[in-house]
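Biologist: Before I plan anything around this complex, could we go through its architecture step by step?

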Amino acid sequence: MAPTPAQPSAHGPQHTDTVIKVSAFVKRYKKNAAVDGVDLEVRRGEIYGLIGPDGAGKSSLMKAIAGVLTYDEGTVNVFGTLVDSERAAEHVKQRIGFLPQGLGLNLYPDLSVEENIDFFARLRLVPEPDLLERKTRLLAMTRLDKFRDRAMKHLSGGMKQKLGLICTLIHEPELAILDEPTTGVDPVSRRDFWAILAELLQEKGMTALVSTAYMDEAARFHRLSFVSNGKELASGTPAEVRALVPGWMVTFEAAPQLDAIARLKRTYRQVEALGPRLHVFTASTDAAQAVSQIETALGGMTSSDLRVDEPELEDVFVALLLRQVEHQEADGALSVSPMNRDHDGPAIEAKGLIRDFGSFRAVDHVTFRVQPGEIFGLLGANGAGKTTVIKMLTGIMPPTGGEGRVAGADMKTAGNAIKERIGYMSQAFSLYLDLTVVENIWLFAGIYGLDSRATEERLQWIVAMAGLHGYESHLTGRLPMGVRQRLALGCALVHRPRVLFLDEPTSGVDPIGRRRFWDILSRLAREEEVSILVTTHYMTEAEHCDHLALMYAGRIVAEGSPSDMKSQVEQEAGRLLEIETDIPGRALRRLKEAGFSEAALYGTKIHLLSRHHAEDEVRLRTVLSSDGMSVKAVGGRPLSLEDVFVHRVMTLEQQEAATKRGVGS
Amino acid sequence: MNGGPTSGSRRAVVWWGRLVVMTRKEMIQLFRDLPIVLFLTYSFTLAILISGNGLRSQLHNASLTVYDADHSSASRDLVHRFHQPYFRLLGELSRPDEGLRRMDRGSVMAILEIPPRFHEQLAAGEPTAVQLLVDTTNAPQGLSAAGYAGRIVAQFGQDISATRIGGSSGGAASLPIIASEHRVWYNPDQNEAWFESISGLLRTITIFAILLPATAMAREKERGTVEQLLVSPLTPLQIMLPKVLAMTLVILGATAVALFGVMQPAFGVPIRGSVILLFSLTALFTFTTAGMGLFASTITHNQAQVGLLTLLVVAPMLMLSGITTPMEALPDWVNALMLLSPLRYFIEIAYGILLKGAGLDVLWSQAIAMAALGGAMFGFGTWRFRRQFQ
């Protein structure tokens, strides 16, 4: 950085605590307003979140703040400098670190980890001694130090993102702007990423503006703005945002589930089926009243195992989005059309599946079974082997060993029969974007050999199911993500398959679209007995599955229904404690020193697993208060599937590291 | 499934139906890709017109200056024999060194220097010489200018001798002169536009035949749609064949436009053989070349790589298959390599049918060679197609 005399404007007349101030911001692409009048204020030292689905306008806003995109109306002040010209932007850029969207897109694939860091440091004129010191510390913190010499292209998604973060922060900017740093990254790496970010911010007094499409990450921010369609729907601290939509989340079981849903939907807009449980958001402020209202709505059906919780932020966002969308599109009437029944017995059966790539075993004796009408979730980090399993079962890839039967046909001998009986939808929503909606449907109908009468019938069914009325002759590329996703599902169902494979089917879709998608899936499974095998990175979605299998390093390491998975972890490691203190960063460090090794920062709160609640609570209170920190609250929280995932994978990683050490010594 | 003949015929219907929907899909996608449509239109119309009009390998209007140190009737007579369309006389130089300066600047291509006493020596029957300086930076043009000039001077000398001998000993008829009489076949007017526009068309067909299916395939890989096709009951052949079919149909249509809409009206290019045979063999050629393109797409990851690889394959194919350079002039190993180039056979077929009126009785060996090559390419491509995803 050139030693220019301090600019008086740099610290300006504004509040010294304000790092970013955006008002009435408008950005248009041709005629479409991507961002339409957003206000934003980010203060020094906070992690500010921009939350919203794909196409909400988050990236445009962040690029404008980073000084790499012009805008049409409003003002953007960064460090008190009005960013309205290239020169002003150049001035601000030196104090900013910007991580663009996309896994490792800012990095050079053929350079090694260390070469990438060195390149960015020299670009930013970081003095060599500083570089050496920071590099060592950051590599250790991200656990990338073992991979110094590995080319970036050979890193996993999570590692790429951590390297991207190092390269963005190597010049110790005052403000870090990170555009969807956790998209496409598995839950463990994601949690890692947040921990590193929190630690760096605290040590260096940095400020961060971070966007995400994962609603469940909202609680990690100090303050946040929820954006949709270029408009800000809510902003403030997580607690303030939650207060915007008062109400309770009531969960219970009721049978038959479909009848219960139909009755509840007459009164409530947010009804969700997660496995056997129903989740209903009620707007009434009184918990007891909420329960009695639901019982009235159920009209005599018995409910069991009922509990009332505070709504999650995601429920709040959905409520806010529903206010924005005044007319709720009529749910496509799913007429019951019996699928082709070509056999009895399990829909999918994998027995000891193995797949080697050279000397690397990507899938290691995987065995599982999917029953007819069951939604089966395959979870795991990037590279755990989920996609390889799907590829083998769908016949794209021959297995090295093991057996598999799909829809009654043997994987090895009847590959073509399998292909005619299954539907498949990948994360890319493999549609032809330059064909219209009906052209896509016709194409897939033709591929699966439907005659013209069947094609017409299925076309009507898909249009109704996916809510595509009025979109029929639109080019697929111009459809909103949620609609595109439902069309892809429709195309995968055109030949009435009995088994459906979904490989990360919901990436980039907004929460309402995602909920609607899962509604369709559960109806397909419940009403039409379609068996569904799904992989996902969204742990909140895994709750929809009837049965889960967690993969790690090519093996299945845990299996069961979502509640089984949770209770297994609770038995092994204890229940979840949430601690609220005034100085969370320091408190976390103290707790780790005191032996709570699994403690993790979750926004401004600390989460840890504890087997003996009462004793641990006493112990941590004394540890913290002896250090002069006040503990505002300690409480139990229900375990989420993400907690389960992270706990399982971390334990395995630790075991692996331990055995390696054992072998090494 | 019912089994028996019904299930067999039903399978055939499904097979055929798949081919039709996939081919239609490729056509729709192609025609919605505006840049490609524009490029295609330009290449088969304007570009053909330009190559027919613009490219000349014959000597045409070569600029010539003269340094005439003699200024006699003989020297003027010689100078006047250098005339259009071969040479364009720019005028006379006053000093001998002026010519070289002009040649350095590139403002003149040839300089004719006539020595003093030129006329005297001729009249006296003594041997004499003129000097021609030629700029051969552009070798073919320069050499051809030198050749023409040599013929003009030789003819001049012959005429002079003839008059001298005829003047002294009664009649040129007694002189032993061999006249070489040319009969130009197939293109009696020596119309270069024919050759150039046909070779332009062949070049264009080759480029599109290899590029269109290859980019269509690469695009599917890039966007991930190929996965959806792989898990469907389509066989690799059913995925690849429709691309070739669609692109072949488009190229045949474009060829018809170029031939009947540009080359016939503008240059009067004849079609002496059978139109049906021409288009059938063009289809075979497109199919074969498209097989190469598809193979290229199985070893690349995106459209940019396909573009570069195409350049790498097409450039030598165009240069060495006999359009620009005669095959006989190439080293043996290149000749052997070009046996693998479908263009080598198609050139003979296209010129044969258009200009010579040849039929299958003459061209069968080329057609068979092309078909064999195409079948091999296609088989290899479909085999690679599956393997690349495993």
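Modeller: A crossing is called left-handed if the near helix is turned anticlockwise from the far one by less than a right angle, and right-handed if clockwise. Please keep in mind that this is a predicted model.

Biologist: With that definition in hand, which handedness does the crossing of helix 11 of chain B and helix 15 of chain B have?

Modeller: Helix 11 of chain B covers residues 275-298 and helix 15 of chain B covers residues 360-387, and the two pack with their axes 8 Å apart. The angle between them is about 25°, and because angles under 35 degrees count as roughly parallel, helix 11 of chain B is roughly parallel to helix 15 of chain B. The crossing of helix 11 of chain B and helix 15 of chain B is left-handed.

Biologist: How many nonpolar residues does the contact of helix 11 of chain B with helix 15 of chain B have?

Modeller: From helix 11 of chain B the contact draws on residues including B:Leu281, B:Phe285, B:Gly291 and B:Phe295, and these belong to a set that meets residues of helix 15 of chain B, among them B:Ala367, B:Met370, B:Gly374 and B:Phe378. By class, the contact of helix 11 of chain B with helix 15 of chain B also has five polar residues and one charged residue, and the nonpolar ones number 17.

Biologist: Is helix 10 of chain B parallel or oblique to helix 15 of chain B?

Modeller: The axes of helix 10 (residues 236-267) of chain B and helix 15 of chain B come within 9 Å and cross at roughly 125°, and helix 10 of chain B passes helix 15 of chain B in a right-handed crossing. The contact is made by B:Pro236, B:Leu237 and B:Met240 of helix 10 of chain B, together with B:Gly381, B:Thr382, B:Phe385 and B:Arg386 of helix 15 of chain B. Helix 10 of chain B and helix 15 of chain B are therefore oblique.

Biologist: Turning to the two chains, which helix of chain B gives the largest share of the side that touches chain A?

Modeller: The contact takes 20 residues from chain B and 21 residues from chain A. The elements that give two or more residues to the side of chain B that touches chain A are helix 1 (4-31) and helix 9 (225-230) of chain B. The residues on that side of chain B divide into eight nonpolar, seven polar and five charged. The largest share, seven residues, comes from helix 1 of chain B.

Biologist: Which helix of chain A gives the largest share of the side of domain 1 that touches domain 4?

Modeller: Chain A is divided into domain 1 (8-241), domain 2 (246-310), domain 3 (348-412 + 420-560) and domain 4 (564-660). The C-alpha centres of domain 1 and domain 4 of chain A lie 28 Å apart, and eleven residues of domain 1 are in contact with eleven residues of domain 4. The largest share of the domain 1 side, six residues, comes from helix 7 (residues 187-204) of chain A.

Biologist: In the open sheet of six strands of chain A, what is the strand order, and which strands stand at the edges?

Modeller: The order is 20-21-22-17-23-24, with mixed pairing. Each edge strand has a single partner strand, so one side of each is left without a neighbour in the sheet, and these are strand 20 (422-425) and strand 24 (555-560) of chain A.

Biologist: Which residue of strand 24 of chain A does A:Ala549 stand opposite?

Modeller: Strand 23 (residues 547-552) of chain A and strand 24 of chain A pair in the antiparallel sense over five bridges. Helix 19 (residues 562-573) of chain A lies across strand 23 and strand 24, running at about 105° to strand 24 of chain A. The residue opposite A:Ala549 is A:Glu559.

Biologist: Which residue takes a positive phi in the hairpin of strand 15 of chain A and strand 16 of chain A?

Modeller: Strand 15 (residues 348-357) and strand 16 (residues 360-370) of chain A pair in the antiparallel sense over seven bridges, and A:Ile348 stands opposite A:Val370 in strand 16 of chain A. The hairpin has two residues between the strands, and the residue with a positive phi near 60° is A:Gly358.

Notes
Residues numbered from 1 in each chain as written. Chains lettered and ligands numbered in written order. Predicted model: local features only at pLDDT ≥ 70, side-chain atom pairs only at ≥ 80, totals over all residues. Contact = placed C-beta atoms within 7 Å. Helix = DSSP H or I, 4+ residues; strand = E, 2+ residues; numbered from the N terminus. Nonpolar A, V, L, I, M, F, W, Y, C, P; charged D, E, K, R; others polar. Axes fitted to C-alpha atoms, helices over the stretch in contact; angles between N-to-C directions. Parallel < 35°, antiparallel > 145°, perpendicular 65-115°, else oblique. Domains from an automatic or database assignment. Pairing = 2+ DSSP bridges.
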